[in-house]
Amino acid sequence: MSGARRKAFTLLECIVALALFAICSVMLTQACFNCVQAIGRMKKNPEEEAMREFVQSKIVEVDDIDSLKSGVDFVDMNGARVDVRAEEEPTGIADLFLLKFSARGQDFEYAGEMLLIRRNWYESVSDRSELIDDRKDELEALRKAFK
């Protein structure tokens, strides 16, 4: 094989080409993601978003779950009456509740879910104590399993 050399790409050239391809693909993916986000923002109605945030802030202000279950009325930013009703569902974490709510106004209707921390929403004091005791037992069992 004297003097005959094969023409081919070196390993370094292949690595550089792959790195350039990776950089270009990341940039293209980011550009596509930005376009999708912009389209999503254009489709959202800013007035509806503001009303949803307003409703959620009013729900957070209410401490009594019974009043939320029976319905709470408040006046929205436009001076119209809004009726909010909700049902709570305890989670496996102490004092954390999943709140499913619906709000109806003059020309507004919204339903959603949110997590709230409320110590006083348990049916009885023993429910909270039992949940805390159960979690303590689970942690103790895990601690023993890892020893």
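A word on the basis first. The model is predicted, so local features need pLDDT of at least 70 and side-chain atom pairs count only at pLDDT 80 or more, while totals for chains, interfaces and linings use all residues. Residues are numbered from 1 along each chain as its sequence is written, and side-chain values use heavy atoms, with hydrogens and water left out.

Let's begin with D83. You'll find D83 in strand β2, residues 81-90; strands here are DSSP runs of E with at least two residues, helices are runs of H or I with at least four, and both are numbered from the N terminus. Is D83 buried or exposed? D83 is buried, at a relative accessible area of 16%, where buried means under 20%, exposed over 50% and partly exposed in between, with a 1.4 Å probe and protein chains only. Its side chain makes a polar contact with the side chain of R85 at 3.2 Å. For that term we take N or O atoms within 3.5 Å; within protein, one must be able to donate a hydrogen and the other to accept it, and residues adjacent in sequence count only if both atoms are side-chain atoms. Setting aside neighbours within four places in sequence, D83 is in contact (heavy atoms within 4.5 Å) with G71, V72, D73, S102, A103 and R104.

Next, D95. D95 sits in the loop between β2 and β3 (96-104), and D95 is buried too, with a relative accessible area of 9%. Phi of D95 is near 70°, a positive value in a residue other than glycine. Not counting residues up to four places away in sequence, D95 touches L116, I117, R118, R119, Y122 and R128.

For contrast, take N120, in the loop between β4 (109-117) and α4 (125-146). N120 counts as exposed, at 54% relative accessibility.

On to the largest pocket. A pocket, on a 1 Å grid over the protein atoms alone, is an open set of points where a 1.4 Å probe fits, with protein on both sides within 12 Å along at least five of seven lines; lining residues have an atom within 4 Å of a point. The lining has 14 residues, and E47, M51, N78, D107 and F108 lie nearest the centre. Which helix gives the most to this lining? Helix α2 (residues 46-61) does, with five residues.

Finally, the aromatic rings. Rings of Phe, Tyr and Trp (its six-membered ring) pair if their centres lie within 6.5 Å; planes under 30 degrees apart count as stacked, over 60 as edge-to-face and the rest as tilted. The count comes to four aromatic pairs. One of them, F54 with F74, is edge-to-face, 5.7 Å centre to centre with 65° between the planes. F54 belongs to helix α2 and F74 to strand β1 (residues 72-75), so this pair ties together parts 20 residues apart in sequence. Both F54 and F74 are buried. F108 and Y110 form a tilted pair, at 6.3 Å and 45°, and these two are buried as well. Together with F101, F108 and Y110 form one aromatic cluster.
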